[in-house]
Amino acid sequence: MRSAEPAGSRIGPEPERVALHARDVQFDWSGLPVHWIPGEPFATHVLDVLHLLLPEGERWFVRLFSEALPLIRDPRLAEDVRGFIGQEAMHAASHQGVLDHFAARGLDTSPYVDQVEWMFRRALDDRGLTGRRAQEWLVERIALTAAVEHITAYLGQWVLDARALDTAGVHPVMLDLLRWHGAEEVEHRAVAHDLFAHLDGRYLRRARAMLPAAPILFGLWVRGVRFLLAHDPVPAKPRLRDWARAARRGLTPGIVGLTRAVLTYLRPGYHPSQYGSTSTAVAYLATSPAARAAEARSAG
Amino acid sequence: MNGSRDAAGVRPDRMMRGIDAVVAVSARLAQRSVRRRPAVAAVHRDLALVVTEVRDEAPEVVGLRLARGSGGPLPPWHPGAHLDVVLPSGRVRQYSLCGDPADRTAYRIAVRRLADGAGGSMEVHALRPGTPVVVRGPRTAFPLVSAPAYLFLAGGIGITPILPMVRAAAARGADWRLVHTGRDRASLPLSPGATDLDPTRVWLRPDDENGGPPAAADLLAGLPGGAAVYCCGPPPMIDAVRRAVPAGHAFHAERFSPPPVLGGRPFTLELARRGRVVEVPADGSALDAVRAVAPDVAFSCRQGFCGTCHVRVLEGEPADGHSAPGKMALCVARAAGDRVVLDL
């Protein structure tokens with residue numbers, strides 16, 4: 001039997017781990033302008049990639065973690081995984097709502113989305129493996145998820161802290177979606193890691209998963225920005241200096257912060273609870289219009 | 001939601017073929033990992049405790065102190081945390097911790113007797129010192145986080161999670177106020193724990209001395225700018241306050257377990273893949289019935305909306321507002337007829 005507390009847990013004045021539950025959020029996109037960060041097409045499209053990339057990826061997380069449930073021999077972790085699955089399912093549905101709104105506006109995202117779908121449903125599916133080999137590939141994909149979840153937790157904390165988005169006149173419903181999602185990513189940031197630690201936990205296997213995860217995620221992001229900029233009312237090509245400028249103004253994450261976050265993951269003593277703030281996430285969810293309406297819906 | 005499209009007709013482009021090659025390496029490495037992967041070790045979370053003290057906190061309210069038989073330290077907790085308590089009958093009930101988190105040797109809970117409840121509170125009231133009980137947790141579903149100021153609102157026994165929050169806020173030197181409401185003074189248990197800290201910050205508000213139950217606006221009167229509202233009490237109170245808290249103020253309330261099934265009709269579920277038949281009782285959910293034979297079935301929100309437990313229907317008709325066509329939301333849906341066959 002293992003110790004009941006994960007390696008990274010500390011007893012601070014505020015809880016790092018909270019009970020996870022999905023929130024029944026709804027968003028109305030009818031008034032969403034194309035450039036919902038006014039006058040900032042580049043920054044808008046960097047963040048719009050989320051809607052193209054995430055729904056398939058999050059549905060993949062849901063399938064993967066549902067498959068992993070029978071392997072879990074820790075009731076508290078199983079509870080966390082169930083909360084994680086519901087939250088990811090709502091993230092997928094919510095970003096899909098924006099994607100559907102894009103389609104209604106006449107933007108055909110299928111050239112990008114179909115390829116992403118192929119990646120998650122073919123390349124990252126069970127690859128025809130069965131039995132013990134299928135289980136080992138499942139554990140490997142959970143290691144990949146843990147690596148990606150470290151990056152999404154970094155991005156979640158970034159969007160919660162990005163004060164520049166408050167002053168840039170960002171469309172309030174979109175800002176709420178991004179921060180609700182970011183807050184739940186921070187809330188559940190330890191789940192994939194704890195699941196991997198439970199099923200395997202070896203350092204090398206955890207760390208090596210970041211090697212493909214970070215470049216693939218980055219490549220898909222660049223491709224998404226390129227696609228969206230090409231389909232902008234004023235078509236353009238992405239330039240490195242556009243990113244540097246948007247990041248400097250605090251409208252997108254920057255290269256330095258992202259690189260540092262990725263390197264952090266390679267530390268042997270790494271645990272997700274050492275980074276990000278559950279308190280910030282909880283405080284945002286307590287004011288988020290979508291999360292507040294969701295709680296009222298659940299109660300009613 | 002677009003979850004059903006088939007990737008079969010899509011031809012991967014160069015980037016995707018490259019990613020596929022990288023993923024193939026990962027999949028091969030995974031097969032090499034199998035040899036030395038340690039077996040998954042079971043983690044036991046049940047705490048075997050003993051009731052070490054029983055005291056009357058107020059009429060109909062009993063306070064229990066739970067500790068290890070050895071007196072050893074217990075897992076830490078934060079204000080707002082609760083325990084799952086396994087009662088002698090096997091029922092599991094959740095109770096907020098109302099003691100001091102710094103006291104690592106014991107957990108304290110306080111429970112009001114509900115004569116018309118499902119029986120859990122009656123069982124707690126029958127517990128005597130020396131009785132062993134199993135608990136799970138603690139779990140934080142009602143976290144206290146830092147805010148410029150706090151307004152704590154407690155209805156009756158809803159004071160239990162609030163009291164440790166009040167103590168923590170006071171210890172941090174925060175600006176806090178507590179309003180404790182109830183039918184009469186006798187239904188305001190545990191409030192001395194707060195009035196002893198600073199009586200000027202506590203408003204005890206029995207309905208019978210104030211011309212009836214308070215309106216949400218009364219409870220929120222004089223809400224300081226930026227204050228976070230923490231509320232625990234009967235569901236109608238929480239709901240009314242939730243609607244009245246102005247935008248921009250943080251509102252925190254305890255999450256409730258899914259409501260009991262009322263007025264349900266029993267029906268039969270056939271799990272086609274497993275070749276099992278389960279009976280769903282009038283007062284139970286399809287999910288609970290399925291879990292009895294398939295404990296690993298995936299579910300999450302238990303309210304129908306997240307879609308995790310939605311299963312394809314092979315025969316029969318589910319009845320509820322959440323199931324997509326051809327699917328059944330196990331957590332909330334019931335059968336329109338007597339029997340549903342599921343692809344499970």
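Predicted model: local features only at pLDDT ≥ 70, side-chain atom pairs only at ≥ 80, totals over all residues.
Select the loop between β1 (47–58) and β2 (61–67) of chain B, and look for Glu60(B) there. Glu60(B) has a positive phi of about 75°, although it is not a glycine. As background, most residues other than glycine have a negative phi.

Next, pick Arg302(B), in the loop between α7 and β14 (310–315) of chain B. Its phi is near 60°, again a positive value in a residue other than glycine.

**A cis peptide bond**

Now select Gly137(B) and Pro138(B). The peptide bond that joins them is cis, with omega at about -5°. In general, most peptide bonds are trans. To place this spot in the fold, show strand β6 (residues 132–140) of chain B, which contains Pro138(B).

**Chain B as a whole**

Zoom out until chain B fills the view. Its C-alpha atoms fill a box of roughly 70 × 50 × 50 Å, taken along the principal axes. Switch to a cartoon display and you can trace 7 helices and 18 strands in chain B. Of its 344 residues, 39% are buried. Take the contacts in chain B between residues at least 6 apart in sequence: 58% of them join residues at least 24 apart.

- domain 1 covers 47–140
- domain 2 covers 149–253
- domain 3 covers 267–342

How far apart are the C-alpha centres of domain 1 and domain 3 of chain B? They lie 34 Å apart.

**A parallel sheet**

Select β7 to β11 of chain B. These strands form an open sheet of 5 strands in the order β9-β8-β7-β10-β11, with parallel pairing. Which strands stand at the edges? They are β9 (202–206) and β11 (251–253) of chain B; each has a single partner strand, so one side of each is left without a neighbour in the sheet. From one strand to the next, the twist averages 15°.

For a close look at one pairing, pick β8 (residues 175–182) of chain B, which runs parallel to β9(B) and is joined to it by 5 bridges. Within this pair, Val179(B) stands opposite Trp203(B) of β9(B).

**A mixed sheet**

Move on to another open sheet of 5 strands in chain B, ordered β13-β12-β18-β14-β16, where the pairing is mixed. At its edges you will find β13 (276–280) and β16 (327–329) of chain B; each has a single partner strand, so one side of each has no neighbour in the sheet. Neighbouring strands here are turned by 40° against each other on average, direction ignored.

Select β12 (residues 267–271) together with β13(B). The two run antiparallel and are joined by 5 bridges. Look for Leu271(B), which stands opposite Arg276(B) in β13(B).

**Where chain A meets chain B**

Bring chain A into view. In total, 66 residues of chain A are in contact with 57 residues of chain B. The elements of chain A that give two or more residues to its side of this contact include α1 (41–68), α2 (75–104), α4 (131–161) and α9 (210–230). Which element gives the most? It is α2(A), with 10 residues. By class, the side of chain A that touches chain B has 31 nonpolar, 12 polar and 23 charged residues.

**Last stop: helix α9(A)**

Finish by selecting α9(A). It has 21 residues and reaches 30 Å from its first C-alpha to its last, close to the 30 Å expected at 1.5 Å a residue. Highlight its buried residues, among them Met210(A), Ile216(A), Leu220(A), Val225(A) and Phe227(A). What do the buried residues of α9(A) pack against? Their partners are α1, α3, α4, α8 (203–208) and α11 (255–264) of chain A, together with α1 (14–33) of chain B.

Key
Residues numbered from 1 in each chain as written. Chains lettered and ligands numbered in written order. Helix = DSSP H or I, 4+ residues; strand = E, 2+ residues; numbered from the N terminus. Buried ≥ 20, exposed ≤ 12 C-beta atoms within 10 Å, placed from the backbone. Contact = placed C-beta atoms within 7 Å. Nonpolar A, V, L, I, M, F, W, Y, C, P; charged D, E, K, R; others polar. Pairing = 2+ DSSP bridges. Axes fitted to C-alpha atoms, helices over the stretch in contact; angles between N-to-C directions. Expected span 1.5 Å × (residues − 1). Domains from an automatic or database assignment.
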